[in-house]
Amino acid sequence: MVTPDREQLRETARRVAGAVADPEIPVLTIADLGVLRDVRVLESGIEVDITPTYCGCPAMTMIALEIELALEKAGLGRPKVVTVLSPAWTTDWMSDEGRAKLKDYGIAPPQKGAGRRALFGVDTVACPQCGSTDTAAIADFGSTACKALWRCNTCREPFDYFKCH
Amino acid sequence: MTSIRLADTPLLTYVLRRADDALVLGHRLSEWCGKAPLMEEEMALANMGLDLIGQARALYTYAGEVEAKGHDEDALAYLRDERAYRNLLLVEQPNGDFALTMVRQLLYAAFVDPYWRAMMASRDTTLAAIAAKAEKETAYHLRHSAEWVVRLGDGTAESRRRAERALAQLWPFTDELFHTDEIEREMIATGVAVDPATLRDTWRTTVAGVLARATLTMPEDGWMQSGGRGGRHSEHLGHLLAELQYMQRTIPGATW
């Protein structure tokens with residue numbers, strides 16, 4: 001049975017876990033990213049479900065550790081962090097607030113409605129600095145698995161693009 | 001350290017074959033670290049390798065659960081001998097030059113991309129979940145390698161010569177992508193697996209389209225080499241595993 005106390009505890013745990021920042025894009029929290037999937041309060045303690053953005057994302061171990069640390073610091077005890085694969089993470093789960101934060105940080109946010117990739121590139125990505133759509137891809141793979149490297153032909157600045165997924 | 005022995009049960013073998021494909025190709029791509037022809041490719045090759053090793057980890061973890069003998073992803077990757085590895089011969093072929101690496105990636109990605117998409121409908125919910133993640137990643141691998149094969153084939157005389165040589169060298173390993181045996185057929189019959197034969201037309205269309213843009217000629221199907229799914233490998237896999245497994249074999253259970 002879900003008692004009001006338990007529901008409140010779940011909300012608190014969700015807020016604390018959700019505030020954990022992505023180690024590679026520190027302006028985003030795992031709640032913004034949609035990496036935090038569920039928080040449960042069980043007899044045995046708190047369980048937190050997270051889902052990887054990419055199969056090989058090296059930040060996942062770090063994120064799990066940060067969640068444990070955050071919940072313990074908040075006096076909620078050590079949680080069990082579970083990695084779930086299904087449903088598969090998509091950039092559509094990124095919150096509007098998250099997209100705005102990304103853009104302010106200088107990373108072009110992913111477009112909504114991630115569909116199949118065309119075999120040859122046809123994306124239009126707006127420059128996060130000046131807003132121009134006269135941009136070009138430099139490399140499909142950037143400094144982390146989730147980003148590509150682009151260049152703005154108007155303001156001449158290079159920028160990261162958070163790839164649709 | 002002593003190698004682990006596994007029973008040849010259909011689901012376990014089926015999952016291990018896919019895990020081995022991903023790990024071996026991921027390891028091959030990691031061999032480019034520090035040696036790629038340009039900075040962007042340094043990152044691209046490492047990124048694709050990371051995706052594949054991530055897929056391998058999920059698959060090995062699942063294989064360990066299927067076997068239920070307490071073997072985790074590390075035991076399955078580090079403590080099996082060459083003959084116990086069931087990967088395709090294509091993915092273990094040495095990197096060669098950049099053209100060979102990109103052609104190898106194209107030939108594999110053009111298969112595995114529609115494969116994972118089809119596997120999203122697998123009756124095995126874990127495999128379906130892994131497929132849903134993997135298909136998004138392999139779509140990028142396919143695009144990246146396709147764009148490079150076009151540049152190389154339709155590039156300079158030298159890049160074209162190398163792309164042609166890579167195609168000729170790797171073509172005999174492509175038929176194995178579509179092979180089935182008793183294990184695979186059982187998995188197909190129970191709705192766990194997709195029949196790779198149904199993906200052959202898609203694969204040919206994709207590869208033919210890229211080669212046409214690259215102004216390269218699609219090789220004729222001649223003598224086709226196979227054996228990897230049964231543990232009969234080319235001379236290259238043993239060397240790869242020696243490097244991959246060296247630390248865990250020398251200092252069992254080493255952590256840092």
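## The largest cavity

Helix 5 of chain B is the main contributor to the lining of the largest cavity, giving 5 residues. The model described here is predicted. Helix 1 of chain B also supplies at least two residues of this lining. The residues that line the cavity are R18(B), D21(B), Q55(B), Y108(B), F111(B), V112(B), Y115(B), W116(B) and R229(B).

By class, the lining of the largest cavity divides into 5 nonpolar, 1 polar and 3 charged residues. The space within this cavity amounts to about 70 Å³. In total, the count comes to 4 cavities of 30 Å³ or more.

The size of an interface is often expressed as the accessible area that is lost when the parts come together. For chain B and chain A, about 2700 Å² is buried between them, and 63% of this area lies on carbon and sulfur atoms. On the side of chain B, the residues that lose the most area to chain A are K133(B), Y140(B) and R143(B), which together account for 32% of what that side buries. The contact draws 31 residues from chain B and 30 residues from chain A.

One of these three residues, R143(B), also takes part in a salt bridge, in which its side chain meets that of D140(A) at 4.0 Å, N to O. The count of salt bridges between chain B and chain A is 1. Polar contacts between the two chains number 6 residue pairs, with both residues at pLDDT 80 or more. On chain B, the elements that give two or more residues to the side touching chain A are helix 2 (39-67), helix 5 (98-119), helix 6 (125-153) and helix 9 (200-213). Helix 6 of chain B gives the most to this side, with 16 residues. The side of chain B that touches chain A comprises 14 nonpolar, 6 polar and 11 charged residues.

## The largest pocket

The largest pocket has a volume of about 830 Å³. Its lining consists of 26 residues, and those nearest the centre of the pocket are T83(A), L85(A), R57(B), A58(B) and T61(B). Both chains provide elements that give two or more residues to this lining: helix 3 (59-73) and strand 3 (80-83) from chain A, and helix 2 and helix 6 from chain B.

Helix 2 of chain B gives the most to the lining of the largest pocket, with 8 residues. Helix 2 and helix 6 of chain B are also among the elements that give two or more residues to the side of chain B touching chain A. In terms of residue class, the lining of the largest pocket has 16 nonpolar, 7 polar and 3 charged residues.

## The second largest pocket

The volume of the second largest pocket is about 640 Å³. There are 23 residues in its lining, of which D74(B), A77(B), Y78(B), Q248(B) and W256(B) lie nearest the centre. The elements of chain B that give two or more residues to this lining are helix 1 (10-30), helix 2, helix 3 (73-78) and helix 10 (236-250).

The lining of the second largest pocket is made up of 14 nonpolar, 4 polar and 5 charged residues. Helix 1 of chain B, which contributes here, also supplies at least two residues of the lining of the largest cavity. Helix 2 of chain B likewise gives two or more residues to the lining of the second largest pocket, and helix 2 of chain B is the element that gives the most to the lining of the largest pocket.

Note on methods. Residues are numbered from 1 along each chain as its sequence is written. Chains are lettered from A and ligands numbered from 1 in the order in which they are written. Side-chain values use heavy atoms; hydrogens and water are left out. Contact means heavy atoms within 4.5 Å. Buried area is the accessible area (1.4 Å probe) that two parts lose on being put together, summed over both. A polar contact is a pair of N or O atoms within 3.5 Å; within protein, one must be able to donate a hydrogen and the other to accept it, and residues adjacent in sequence count only if both atoms are side-chain atoms. Helices (H or I, at least four residues) and strands (E, at least two) are DSSP runs, numbered from the N terminus. Ala, Val, Leu, Ile, Met, Phe, Trp, Tyr, Cys and Pro count as nonpolar, Asp, Glu, Lys and Arg as charged, and the others, Gly among them, as polar. On a 1 Å grid over the protein atoms alone, a cavity is a set of points where a 1.4 Å probe fits but cannot get out, and a pocket is an open set with protein on both sides within 12 Å along at least five of seven lines; lining residues have an atom within 4 Å of a point. Grid points are joined across faces, edges and corners, and a volume is the space filled by probe spheres set on the points.
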